[in-house]
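Dear colleague,

Please find below the structure that I am handing over to you, followed by an account of what was found in it. I would be grateful if you could read the notes alongside the coordinates.

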Amino acid sequence: MGSNYFYLEFLMAWLTLLRDAGYRNPAIFALEYTLVPDERYPVQLEQTVAGYDHVCSIVKDPSRVCLAGDSAGATLQLSLLLQLSKSSDPGKRHPGFATLISPWATLVTPKNRDTASDYLNADSLHLYGRQFAGTQANLKEPLVSPGVCKDRDWWMRASPSGGYCFMYGSEEVFGPEVRDLVALLRRSGCAVRVREEPGQVHAWPVVSLFLGDTQGERTKGLRDLTKVITQVIEPQMFLVDGL
């Protein structure tokens, strides 16, 4: 999917829901990062960091920023958080919250398995993951494949001030790795909200917007995301940094 043009309706619908929830002037910054095979790590992470720095230069207060992303975009958000935690004063740069839809937590792992319902294919994903990493050694690097990071202190330092929200489908290829990451973050002391939608597939809030039969079905995921954001960041002017 990749391009922001694909997500335009999703982002505009989300912007409307954020405004309806009480945010006076919500804004969404969507990063058009370079896809494989045109570029590989670390280009996409560098672009993500640059995008986040740009957002912070406008917002000034990172605690008013909510990171968001789905699939590989959510992976880059996890990598961004791990990268930010390595700065001399990470607290000054950390966002207020992170909403992650079906993150590709570990790029290559036997736990990424095909299911009867999901439209993703594990073998193809592993091919793309290796292309992104560039080398076999990079697949073991947390900034490349965040799910390989088992350092609880690092994850605690990386956590947004308001913690995380994970949304994914119970039937998706990435389900086992997402569950493992959620459990690790909780053991690390991070605040984690989870929505595992029964019977749903990869990136179900995005998929539902295009394939849902009713307005309620189409916006269900977005309404759930908006509700949890309002529980963490008090409605006022803020910005969603999306991938």
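Strand β3 (residues 97-101) and strand β4 (residues 164-169) pair in the parallel sense through 4 bridges, where pairing requires that DSSP finds at least two bridges between two strands. Within this pairing, Thr 99 has Cys 165 of β4 as its bridge partner. On strand β2 (residues 65-70), 5 bridges join β2 to β3, and these strands run parallel. Asp 70 stands opposite Ile 101 in β3. Strands (E, at least two residues) and helices (H or I, at least four) are DSSP runs, numbered from the N terminus.

The model is predicted: local features need pLDDT of at least 70 and side-chain atom pairs count only at pLDDT 80 or more, while totals for chains, interfaces and linings use all residues. Residues are numbered from 1 along each chain as its sequence is written, and side-chain values use heavy atoms, with hydrogens and water left out.

Strand β3 is mostly covered, with 5 of its 5 residues buried; buried means under 20% relative accessible area, exposed over 50% and partly exposed in between, for a 1.4 Å probe and protein chains only. Phe 97, Thr 99 and Ile 101 point one way from β3, whereas Ala 98 and Leu 100 point the other way.

Gly 162 lies in the loop between α5 (152-158) and β4. Is this residue, Gly 162, buried or exposed? Gly 162 is buried, because its relative accessible area is 17%. Its C-alpha atom is separated by 5.3 Å from that of Gly 96, 66 residues apart along the chain. Leaving aside residues up to four places away in sequence, Gly 162 touches Gly 96, Phe 97, Ala 191, Arg 193 and Val 232, contact being heavy atoms within 4.5 Å.

The helix packing is as follows. Two packed helices are described by the angle between their axes and the distance between the axes. Axes are lines fitted to C-alpha atoms, for helices over the stretch in contact, and angles run from 0 to 180 degrees between N-to-C directions.

In helix α7 (residues 204-211), Trp 204, Pro 205, Val 206, Ser 208 and Leu 209 are buried. The elements that cover these buried residues include α1, β2, β3, β4, β5 (192-197) and α8. Helices α7 and α8 pack at an angle of about 150 degrees, with their axes 6 Å apart. They are therefore roughly antiparallel to each other; angles over 145 degrees count as roughly antiparallel, under 35 as roughly parallel, 65 to 115 as roughly perpendicular and the rest as oblique. By class, the contact of α7 with α8 has 4 nonpolar, 3 polar and 4 charged residues. Here Ala, Val, Leu, Ile, Met, Phe, Trp, Tyr, Cys and Pro count as nonpolar, Asp, Glu, Lys and Arg as charged, and the others, Gly among them, as polar.

Helix α1 (residues 8-20) and helix α8 (residues 215-232) pack at about 45 degrees, with their axes 10 Å apart. Helices α1 and α8 are therefore oblique to each other. Their contact includes Phe 10 and Trp 14 of α1 and Leu 222 and Ile 229 of α8. The residues of this contact divide into 8 nonpolar, 1 polar and 3 charged.

The axes of helix α2 (residues 43-59) and helix α3 (residues 72-84) come within 10 Å and cross at roughly 70 degrees, which makes α2 roughly perpendicular to α3.
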